[in-house]
Amino acid sequence: MNAAKEKSTFPASFDPVVALQRVGGDQELLAMAIDLGIGSLPRLINAVQDARSAGDVQALGDAAHTLKGMAATFEARQVGPLAAKIEEIAGAGDFENAMKLIPQLEEKTKTLGEDLAEFADRCETGDLLSLSC
């Protein structure tokens, strides 16, 4: 089966092929990274929410930056760019406009976590990039 067909079986929120490349092709390391990502997402989005609640634009930018970095590991197509946008806006001191993007970031982060967990469950016993995943 060609790569385009294989890629279409993957979740839309991240790219496991790129993620595997980022860990040097080590599937065991990718599985560990996915587990860490699943565990980290709630803490990372909580940091964004805490910054919002505190009205702290610097903390919001920092939290978005950290989330952006984690998202990059998985080539998270929605979370990464959105976190980058929040980081940029917060970095310019525009707390109000940065806050407007947080609900969307929360939704996309939840989807990413669900997709990572589903991918990990499907691939627990097999080749992470096989069509059976």
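Me: A crossing counts as left-handed if the near helix is turned anticlockwise from the far one by less than a right angle, and as right-handed if clockwise. Which of the two does helix 4 make as it passes helix 6?

Reply: Helix 4 passes helix 6 in a left-handed crossing. Mind that this is a predicted model, where local features need pLDDT of at least 70, side-chain atom pairs need 80 or more, and totals for chains, interfaces and linings use all residues. Residues are numbered from 1 along each chain as its sequence is written, and side-chain values use heavy atoms, with hydrogens and water left out.

Me: Why are helix 4 and helix 6 called roughly parallel?

Reply: Angles run from 0 to 180 degrees between N-to-C directions, with axes fitted to C-alpha atoms over the stretch in contact. Under 35 degrees is roughly parallel, over 145 roughly antiparallel, 65 to 115 roughly perpendicular, and the rest oblique. Helix 4 and helix 6 pack at about 30°, axes 12 Å apart, so they count as roughly parallel.

Me: And how do you know that helix 5 and helix 6 are roughly antiparallel?

Reply: Helix 5 (residues 79–91) and helix 6 (residues 95–122) cross at roughly 160°, with axes that come within 9 Å. That is over 145, so the pair is roughly antiparallel. This crossing is left-handed.

Me: Which residues make the contact of helix 5 with helix 6?

Reply: Contact means heavy atoms within 4.5 Å. Among them are L82, I86 and I89 of helix 5, and L101, L105 and L112 of helix 6. By class, this contact has 11 nonpolar, three polar and two charged residues. Ala, Val, Leu, Ile, Met, Phe, Trp, Tyr, Cys and Pro count as nonpolar, Asp, Glu, Lys and Arg as charged, and the others, Gly among them, as polar.

Me: Why is G61 called buried?

Reply: Buried means under 20% relative accessible area, exposed over 50%, and partly exposed in between (1.4 Å probe, protein chains only). G61 comes to 10%, so it is buried. G61 lies in helix 4 (residues 57–73). Leaving aside its neighbours within four places in sequence, G61 is in contact with E87 and A90. Buried residues make up 41% of the 133 residues in the protein.

Methods: Helix = DSSP H or I, 4+ residues; strand = E, 2+ residues; numbered from the N terminus.
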